[in-house]
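Please look at the structure first.

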Amino acid sequence: MSAEEILDVSRAAVETELARGLEEALREVPVGLKEAMRYAVLPGGKRLRPAVVLAVARAVSGKPPAPAALRFAAAVELVHCYSLIHDDLPAMDDDDLRRGRPTVHRAFGEAAAILAGDALLTEAFAWTAAIPEIGAALTVELAQAAGAAGMVGGQALDVATTGNRAPAMEMVTRIHEGKTGALFAAAAAGGARCGDGSAEWVERMRRYGLALGMAFQASDDLLDITGNPALRGKRVGRDAERQKPTLVAAVGLPKARARAEELSRAASEWVAGLPGRAPLIELALYAAGRSR
Ligand code: GRG
């Protein structure tokens, strides 16, 4: 199966789970907040992080993903959707277009966007904590990836380094590990837990997810220069406009492209020897070479 086919199959399952989970969770929620939360999650984007969860669970277990994997995949996507809402806010990247539509704060106002993000993040932990037997481990996995040592920490460095025209490669690497790599690492490690993987495979998958996530962020930096805004569903050229600490700002386009490919290869090396590794390799190649 190609990466696009893998994404299509997992997207269908994950969107059903997200719609069902939100329907249940939002029954008693004030209507304005509910609408902002749904808008941020459905219909959605590529759903790559949940695809990683499901592909890893399948590869490690050798079986179709269990309900726990689907629930965890949906929770990871909730955290991602929260991060996009907050990332687009005026105090962060100040974007008005996301996934081809007005950003959440543009559509619902800033206060509703902040609250919708907070609520999605919190809801994600309620979903993972309720997963039988491995709920605590999955919740710790996701919380550490989302928090100060992961995504929020990476974003803090990104904000602090914005305006530096020649960011150091070491700093860009730290930013990418935190703001993007950590959630992919948790997606893959959590997928391995859902697939009943050994401690060794959980750790190998964490390294696979981290490398894939960093390849994905490297290609994101490239696409902000070379990408097609209609395909991307958002404006391009914003990173240079705002003097963001991107890989391209650090090392230039050709080296950034080579780095994305190197990271993708590194991801594939972590799954060597796994009988069902082909889809994981496809996803790693996609992360580095995507066009949207
Ligand atoms: C608490 C203020 C506050 C912030 C939370 C905002 C934030 C922490 C972190 C930002 C993390 C972030 C948005 C990193 C960029 C990662 C990235 C490449 C996002 C785009 O992901 P895609 O392309 O999006 O997978 P789709 O739309 O396909 O889901």
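Helix 4 supplies the largest share of the lining of the largest pocket, eight residues. The ligand sits in that pocket. This is a predicted model: local features need pLDDT of at least 70, side-chain atom pairs count only at pLDDT 80 or more, and totals for chains, interfaces and linings use all residues. Residues are numbered from 1 along each chain as its sequence is written, and side-chain values use heavy atoms, with hydrogens and water left out.

**Terms**
- Pockets and cavities are found on a 1 Å grid over the protein atoms alone. A cavity is a set of points where a 1.4 Å probe fits but cannot get out; a pocket is an open set with protein on both sides within 12 Å along at least five of seven lines. Lining residues have an atom within 4 Å of a point.
- Grid points are joined across faces, edges and corners, and a volume is the space filled by probe spheres set on the points.
- Helices (H or I, at least four residues) and strands (E, at least two) are DSSP runs, numbered from the N terminus.
- Ala, Val, Leu, Ile, Met, Phe, Trp, Tyr, Cys and Pro count as nonpolar, Asp, Glu, Lys and Arg as charged, and the others, Gly among them, as polar.
- A molecule sits in a pocket if more than half of its atoms lie within 2 Å of the pocket's grid points.

**Largest pocket**
- Its space comes to about 1,000 Å³.
- 49 residues line the pocket; Leu84, Asp87, Arg98, Asp220 and Lys234 lie nearest its centre.
- By class, the lining has 13 nonpolar, twelve polar and 24 charged residues.
- Elements that each supply at least two lining residues include helix 3 (48-61), strand 1 (97-98) and helix 11 (229-232).

**Ligand shell**
- The ligand is surrounded by 18 residues, counted when a heavy atom lies within 4 Å. Lys46, Arg49, His80, Met92 and Arg99 are the closest.
- For Arg99 the distance is 2.8 Å.
- The protein covers 89% of the 730 Å² of accessible area that the ligand has on its own (Shrake-Rupley method, 1.4 Å probe).
- Two or more shell residues come from each of helix 4 (67-88), helix 8 (151-161), helix 9 (169-194) and helix 10 (199-226). Helix 4 gives the largest share, six residues.
- The shell divides into five nonpolar, seven polar and six charged residues.

**Second largest pocket**
- Its volume is about 260 Å³.
- Helix 1 (3-25) and helix 3 each supply at least two lining residues.
- The lining has ten nonpolar, one polar and one charged residues.

**Cavities**
- Two cavities of 30 Å³ or more are present.
- Leu84, Arg98 and Arg99 are among its lining residues. Helix 4 gives the most to this lining, with four residues.
- The second largest cavity has a volume of about 50 Å³. Helix 9 gives the most to its lining, with four residues.

**Backbone geometry**
- The peptide bond from Leu42 to Pro43 is cis, with omega near 5°. Pro43 lies in the loop between helix 2 (31-41) and helix 3.
- Arg99 has phi near 55°, a positive value in a residue other than glycine. Arg99 is in the loop between strand 1 and strand 2 (101-102).

Technical notes. A polar contact is a pair of N or O atoms within 3.5 Å; within protein, one must be able to donate a hydrogen and the other to accept it, and residues adjacent in sequence count only if both atoms are side-chain atoms.
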